[in-house]
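Notebook open, structure loaded. I'm jotting down what I looked up, in the order I got to it.

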Amino acid sequence: MSTHRRGALIVIEGLDRAGKSTQHARVCQNLRNQGHRVKSMRFPDRTTPIGESIGAYLRGESQQEDHVIHLLFSANRWEAAASIRTAIEDGTTVVIDRYYYSGIVYSAAKGRDDLSLRWAREPEVGLPRPDLCLFLDVSPEVAARRGGFGNEKYETSVMQKRVRELFYELVQLRDGEDIEIVDAGRGIEVVERDIMEKVVRLMAHTKLTRHLRI
Ligand code: T5A
Ligand code: NA
């Protein structure tokens, strides 16, 4: 029997200022140091035409209807979906900074009756499903101490509070099966150690001999 090991799909999620990009870079580097092939990605990917319009929207330079921007964020993942699958089948581990969890939660946090968590989930169904999603959780107070908010669209305390509540709702909705909550209010190295324990456990797991779930 062949025991071809595919790459893993690992996602770093969380609130603004939770330290996602910091930990994402460390996970990529640590895995490379351990001899794994790694593809580093982030969403939104602002380099594609769809990503450029998302960037303009986030900077407040253009306006989009709420459902439209939701679908653009989703389309920005779909345009990368084939390359994620190819890399994983090829034995490369893909580590992503934000994915459809953010996509679902930030749109639903706008509080529209016609844009529920469930509605927001639909366009994301069928995207490569992570083996592990690390949700970096911080209190709004800790987030504020880390440099406060920038000028982008969703960087307000009302929005951030709602986003955090909805992340927790999403964990329930998805039975928490692939989301692991990480207390990201601790020091960078402590958080990194916690995350790497989970990542190393995944990399040794037999499920990496099976196909990616959908
Ligand atoms: N969005 C995104 C949607 O609405 N729909 C979608 O589908 C997607 C994908 C994108 C925006 O778009 C929304 C969500 C966002 O509002 P972005 O470009 O991803 O935004 O930028 P952000 O992720 O918002 O980046 P952040 O600035 O929030 O920060 P990170 O990546 O969480 O944090 P990081 O690592 O840059 O660290 C922030 C600061 O804190 C320090 C770092 O050194 C840095 O100064 N820090 C710590 N300090 C103390 N202790 C620790 N443990 C620390 N970790 C980091
Ligand atoms: Na970031």
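Helices (H or I, at least four residues) and strands (E, at least two) are DSSP runs, numbered from the N terminus.

**Ground rules.** This is a predicted model, where local features need pLDDT of at least 70 and side-chain atom pairs count only at pLDDT 80 or more, while totals for chains, interfaces and linings use all residues. Residues are numbered from 1 along each chain as its sequence is written, and chains are lettered from A and ligands numbered from 1 in the order in which they are written.

**Overall layout.** I counted eight helices and five strands in the protein chain. From the N terminus on, I read the order as β-α-β-α-α-β-α-α-β-α-α-β-α. The C-alpha atoms fill a box of roughly 55 × 35 × 30 Å along the principal axes. I also checked the radius of gyration, which is taken over C-alpha atoms, against the globule rule of 2.2 Å times the number of residues to the power 0.38. A compact globule of 214 residues would come out near 17 Å, and the protein chain has 17 Å, so the two agree.

Next I asked how many residues of β3 (residues 93–97) are buried. Buried means 20 or more other C-beta atoms within 10 Å of the residue's own, exposed means 12 or fewer, and partly exposed is in between, with C-beta atoms placed from the backbone. Five of its five residues are buried. T93, V95 and D97 point one way and V94 and I96 the other, and all are buried. For the protein chain, 35% of the 214 residues count as buried.

**Core.** A nonpolar core is a set of buried Ala, Val, Leu, Ile, Met, Phe, Trp, Tyr and Cys residues joined through C-beta atoms within 7 Å. The largest one has 43 residues, and those with the most contacts inside it are I10, V27, V105, L134 and L136. α4 gives the most to this core, with six residues. I followed V27: leaving out residues up to four places away in sequence, V27 touches I10, I12, V95, I195 and V199 (contact means C-beta atoms, placed from the backbone, within 7 Å).

**Ligand 1.** I listed residues near ligand 1, meaning those whose C-beta atom, placed from the backbone, lies within 6 Å of it. There are 24, and the closest are G19, S21, T22, G103 and Y106. The elements giving two or more residues to this shell are α1 (20–33), α4 (100–108) and α8 (188–203).

Most residues other than glycine have a negative phi, and most peptide bonds are trans. Where does R17 sit? R17 is in the loop between β1 and α1, with a positive phi of about 70 degrees although it is not a glycine. R17 is buried, because 21 other C-beta atoms lie within 10 Å.

R98, in the loop between β3 and α4, has a positive phi near 70 degrees and isn't glycine either. R98 counts as buried because it has 21 C-beta neighbours inside 10 Å.

Last entry: the peptide bond from F43 to P44 is cis, with omega near 0 degrees. P44 lies in the loop between β2 and α2 (49–58).

Definitions and conventions. Contact = placed C-beta atoms within 7 Å.
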